[in-house]
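My notes follow in the order I made them.

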Amino acid sequence: MTKAPSPRFLALDVLRGMTICFMIIVNTPGSGAEPFAPLLHASWHGFTPTDLVFPTFMFVVGNAMSFSMPKYRQMGTGSVLGKIFKRTVIIFLLGYLMYWFPFFREAQGGGYELSPISHTRILGVLQRIALAYCAAGLMIHFLSKRTVWALSVIFLLGYWLILYIGGDYSMTGNAGHKLDVMLFGENHLYHGEGVAFDPEGLLSTLPSIVNVIAGYYAGIFIQQKGKSFETVAKLLIAGFVLLCIAYFWDFVFPINKKLWTSAFVLYTVGLDLAILGILVFIVEIKAITKGTYFFQVFGRNPLFIYILSEILYVVFYMIKTGPETPLFVGINNSIFQKILPGAWGSLAFALCFMLLCWLVGYWMDRKKIYVRV
């Protein structure tokens, strides 16, 4: 813990806070009805607003690195490696423990037993962030900027080539899925799609590194160029160019969040650059800051609040309001679905759940408690 947040550009703080805010909303739709349509991921190929949330999380990780990584130049190689690997291991383990939580389950004969590690998911959201951060951090510190961008292009083209020659673009026929099954086994993969398939698989982590790298250099660019119309214009132009490339690449390598295709990387980075440019214009140049504190609360303890939201979600399912009714379902059915039946009730619950997490973040900010890894 530290006593005060590091100085940041407000636009970057707001983007980080918005990302955590919307990530909580899309992860916790209310039960009892089909979720609000914009909160659904694309079923396979294609793109929805929800698909932007996780890659933006990766992008803002890179933004944060743009403030910490330059300081590493004053440190020895051993210290740099120690910091990068320590953060990688901690974030990865937090993600793994989050999927193992609550560490026990109801036994068939009554009582409780330890949840078997043999069926715990190994990869996931925080695990991908950890691995991508590690790769990006090592590249940025030890390689030249030109080499980093050259490797980024190789990652995107290489991933396309591997998927092209290693199978197809289906959920269980792609090369990434085959590698995950071979390395981890089906029991350690995500089963939310109805089959053993991990959207945060090992191979698809390769192109996601580029999201972090892009966020890093976007942060460096803003710090160097400052709060100017030139900064906004260049961010918007770069975003537009990437969106155009992604649009045409989509014809041969579809935009797909669950495969994290190379076209998906360019599309999401393009959108993030455009959004960041707009935020710089509104918040930094026009100095319109009313309401930004709401997102700053999320942005000052992003990792803690995200993990809190995931743990609360599990706890709401653990607590029973009836023999077979979790608290999560009971609240939705007895309150939200009665007041706003259907998808709007689902959205209302997600918003209230997000506000609950915000209140914790607000209390921490008032107490000057900031959790850093």
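Before placing any residue, I note that helices are DSSP runs of at least four residues, numbered from the N terminus. The model is a predicted one.

**Entry 1: Serine 152**

I looked up serine 152 and found it in helix H5. Is serine 152 buried or exposed? Its relative accessibility is 2%, and under 20% counts as buried, so serine 152 is buried. Leaving out residues up to four places away in sequence, I find that serine 152 touches Val210 and Ile213.

**Entry 2: Confidence**

I checked how far the model can be read. The mean pLDDT of the protein is 91, and 96% of the residues reach 70 or more. Where is confidence lowest, and where is it highest? The lowest mean, 72, belongs to strand E1, residues 104-106. The highest, 97, belongs to helix H5, residues 145-165. I also noted residues 1-7, where pLDDT stays under 50. For residues 1-7 the model has 13 contacts beyond four places in sequence.

I went through the packing of helix H2. Two packed helices are described by the angle between their axes and the distance between the axes, so I took down both for each pair.

*H1 with H2.* The axes of H1 (residues 10-27) and H2 come within 9 Å and cross at roughly 150°. Angles over 145 degrees count as roughly antiparallel, which is why H1 is described that way relative to H2. I recorded the crossing of H1 and H2 as left-handed. On the H1 side the contact includes Leu12, Leu15, Arg16 and Met23, and on the H2 side Val53, Phe54, Asn63 and Phe67 are among the residues met. Sorted by class, the contact of H1 with H2 has twelve nonpolar, three polar and one charged residues.

*H2 with H4.* How do H2 (residues 53-68) and H4 (residues 125-142) cross? Their axes come within 11 Å, at an angle of roughly 40°. H2 and H4 are therefore oblique to each other, and their crossing is right-handed. From H2, I listed Phe54, Phe57, Met58, Val61 and Met65. They meet a set in H4 that includes Val125, Arg128, Tyr133 and Ile140. By class, this contact of H2 with H4 has eleven nonpolar, one polar and one charged residues.

*H2 with H7.* H2 and H7 (residues 205-225) pack at about 45°, with axes 6 Å apart. That angle makes H2 oblique to H7. The crossing of H2 and H7 is right-handed. Among the H2 residues in this contact are Pro55, Gly62, Asn63 and Ser66, and among those in H7 are Ser208, Asn211, Gly215 and Gln223. What classes of residue make up the contact of H2 with H7? I have eleven nonpolar, eight polar and no charged residues.

**Entry 3: Two exposed helix residues**

I looked at phenylalanine 229, which lies in helix H8 (residues 229-249). With a relative accessible area of 54%, phenylalanine 229 is exposed. Apart from neighbours within four places in sequence, phenylalanine 229 is in contact with Phe281 and Ile285. Phenylalanine 229 and phenylalanine 281 are 52 residues apart in sequence, and their C-alpha atoms are 7.4 Å apart in space.

I then turned to glycine 78 in helix H3 (residues 77-100). Its relative accessibility is 57%, so glycine 78 counts as exposed. I also took down its separation from methionine 171: 93 residues in sequence and 41 Å in space, C-alpha to C-alpha.

**Entry 4: Backbone exceptions**

Most residues other than glycine have a negative phi, and most peptide bonds are trans. I looked for exceptions.

Phenylalanine 101 and proline 102 are joined by a cis peptide bond, with omega about 10°. I placed proline 102 in the loop between H3 and E1.

Tryptophan 260 has a positive phi of about 50° although it is not a glycine. Tryptophan 260 sits in the loop between H8 and helix H9 (262-285). Its relative accessible area is 0%, so tryptophan 260 is buried.

Lysine 368, also not a glycine, has a positive phi of about 60°. Lysine 368 lies in the segment after helix H13 (343-366). I noted lysine 368 as partly exposed, with a relative accessible area of 46%.

Notes: Residues are numbered from 1 along each chain as its sequence is written. This is a predicted model: local features need pLDDT of at least 70, side-chain atom pairs count only at pLDDT 80 or more; totals for chains, interfaces and linings use all residues. Side-chain values use heavy atoms; hydrogens and water are left out. pLDDT is the predictor's confidence in each residue, from 0 to 100. Contact means heavy atoms within 4.5 Å. Axes are lines fitted to C-alpha atoms, for helices over the stretch in contact, and angles run from 0 to 180 degrees between N-to-C directions. Angles under 35 degrees count as roughly parallel, over 145 as roughly antiparallel, 65 to 115 as roughly perpendicular and the rest as oblique. A crossing is left-handed if the near helix is turned anticlockwise from the far one by less than a right angle, and right-handed if clockwise. Ala, Val, Leu, Ile, Met, Phe, Trp, Tyr, Cys and Pro count as nonpolar, Asp, Glu, Lys and Arg as charged, and the others, Gly among them, as polar. Buried means under 20% relative accessible area, exposed over 50%, partly exposed in between (1.4 Å probe, protein chains only).
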